[in-house]
Amino acid sequence: MTDPIDANFDALWNYDDPAGTEARFLEVRLTLGAAEDHARLMELDTQIARTQGLQGRFNDALAMLETVQVALRPEEARAAIRYELEFGRVLRSSGSPEAARPFFERAVALAEAAGEDRLAVDARHMVALVEPDPARRVSLMLSDLEFAAASADPDARSWRGTLWTNIGMAFHEIGDLDDALDAFETAAGFWEEDDPAKVLIAHWMVAWTLRLQGKLSEALATQAVLERAHAQAGTPGAYVQEELGELHLALANGPDAEDHRRLARIYFARAHGLLQEDLAGDPDRLARMKRIADGEEDD
């Protein structure tokens with residue numbers, strides 16, 4: 001039987017289920033007792049730490065990574081890269097982005113020196129994400145795109161959709177919605193090629209930006225297509241429901257106002273029910289959905 005680590009333990013990841021992924025990794029870990037497994041064990045432990053960080057178990061994650069640091073051997077380059085990368089991620093996720101930056105920068109240097117282009121792009125994009133100035137962030141990510149596009153590694157090139165999405169978010173932060181829209185449309189094209197599962201997210205980003213530009217009819221048409229796609233896939237599309245609520249609320253200022261207000265209430269009620277866990281840290285957003293769903297005026 002093929003060891004799943006040999007095949008590619010990254011394929012075991014489900015980022016929507018970090019607890020389940022941790023359980024799978026712990027099962028694999030039990031198979032890695034031989035001396036020649038040490039480098040793979042070190043890599044796997046960094047990924048277990050990542051699952052713990054995504055669950056908010058930051059102390060567990062840091063403890064695991066500190067164990068890796070002590071046990072790392074000089075020749076274990078990939079494990080060393082992943083150690084720096086995951087330690088930085090835990091620091092960023094736990095609220096210390098500036099402390100995380102040196103870890104990401106070391107990961108970039110190690111990955112580029114080792115010819116690990118995919119990990120280099122991952123580390124580079126994390127350096128950009130902890131940059132507080134959105135204009136500088138765009139510049140860093142454009143450089144990351146050049147690096148990814150020039151790589152012979154298809155896994156490195158597959159980062160283009162993510163990078164363009166992050167660029168779009170930075171343009172949003174700056175207030176440049178035109179360039180944000182262009183970035184999201186470009187991301188959608190790359191995701192069609194590299195990761196079709198993320199295309200719906202890309203089109204959501206496009207429609208979200210269209211709404212903020214005041215192009216309500218275009219945004220509504222796109223979100224309606226996404227709603228049907230989620231229905232066909234059997235997925236709830238919670239954020240699509242929220243956006244449809246926003247769109248109908250905005251359209252309630254024009255013709256057929258009462259119909260739009262009714263639809264806004266329906267969509268916000270659905271979104272409120274679906275997003276309790278995702279938006280647990282944003283109670284004001286949830287409370288606003290509930291108010292509108294209950295027929296109260298928006299503030």
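Me: Which residues is glutamate 84 in contact with, leaving aside its neighbours within four places in sequence?
Reply: Glutamate 84 is in contact with Phe103, Arg106, Ala107 and Leu110, where contact means heavy atoms within 4.5 Å. This is a predicted model, in which local features need pLDDT of at least 70, side-chain atom pairs count only at pLDDT 80 or more, and totals for chains, interfaces and linings use all residues. Residues are numbered from 1 along each chain as its sequence is written, and side-chain values use heavy atoms, with hydrogens and water left out.

Me: Where does glutamate 84 lie, and is it buried or exposed?
Reply: Glutamate 84 lies in helix H5 (residues 77-93). Helices (H or I, at least four residues) and strands (E, at least two) are DSSP runs, numbered from the N terminus. Glutamate 84 counts as buried because its relative accessibility is 11%; buried means under 20% relative accessible area, exposed over 50%, and partly exposed in between (1.4 Å probe, protein chains only).

Me: What about the largest nonpolar core: which residues have the most contacts inside it?
Reply: Those are Leu44, Leu85, Phe87, Phe104, Val121 and Ile167, in a core of 65 residues. A nonpolar core is a set of buried Ala, Val, Leu, Ile, Met, Phe, Trp, Tyr and Cys residues joined through side-chain atoms within 4.5 Å. A second, separate core has ten residues, including Ala238, Phe268, Ile292 and Ala293.

Me: And which residues does valine 121 touch?
Reply: Not counting residues up to four places away in sequence, valine 121 touches Phe147, Ala148, Ala156, Trp159 and Leu163.

Me: How do H6 and helix H7 cross?
Reply: The axes of H6 and helix H7 (residues 117-129) come within 8 Å and cross at roughly 155 degrees. Axes are lines fitted to C-alpha atoms, for helices over the stretch in contact, and angles run from 0 to 180 degrees between N-to-C directions. H6 and H7 are therefore roughly antiparallel to each other; angles under 35 degrees count as roughly parallel, over 145 as roughly antiparallel, 65 to 115 as roughly perpendicular and the rest as oblique.

Me: Which residues meet there?
Reply: Among them, Arg101, Phe104 and Ala107 in H6 meet residues of H7 that include Leu119, Ala123 and Val127.

Me: And H10 with H12, at what angle?
Reply: The axes of helix H10 (residues 160-174) and helix H12 (residues 199-212) cross at roughly 15 degrees and come within 12 Å. H10 and H12 are therefore roughly parallel to each other. Thr165, Met169 and His172 of H10 make the contact with Met205, Trp208, Thr209 and Leu212 of H12.

Me: Changing topic, where is confidence lowest?
Reply: Confidence is lowest in helix H1 (residues 4-8), at a mean pLDDT of 48, and highest in helix H6 (residues 97-114), at 98. pLDDT is the predictor's confidence in each residue, from 0 to 100. The protein averages a pLDDT of 94, and 97% of the residues score at least 70.

Me: Finally, how many helices and strands are there?
Reply: The protein has 16 helices and zero strands. Of its 299 residues, 46% are buried.
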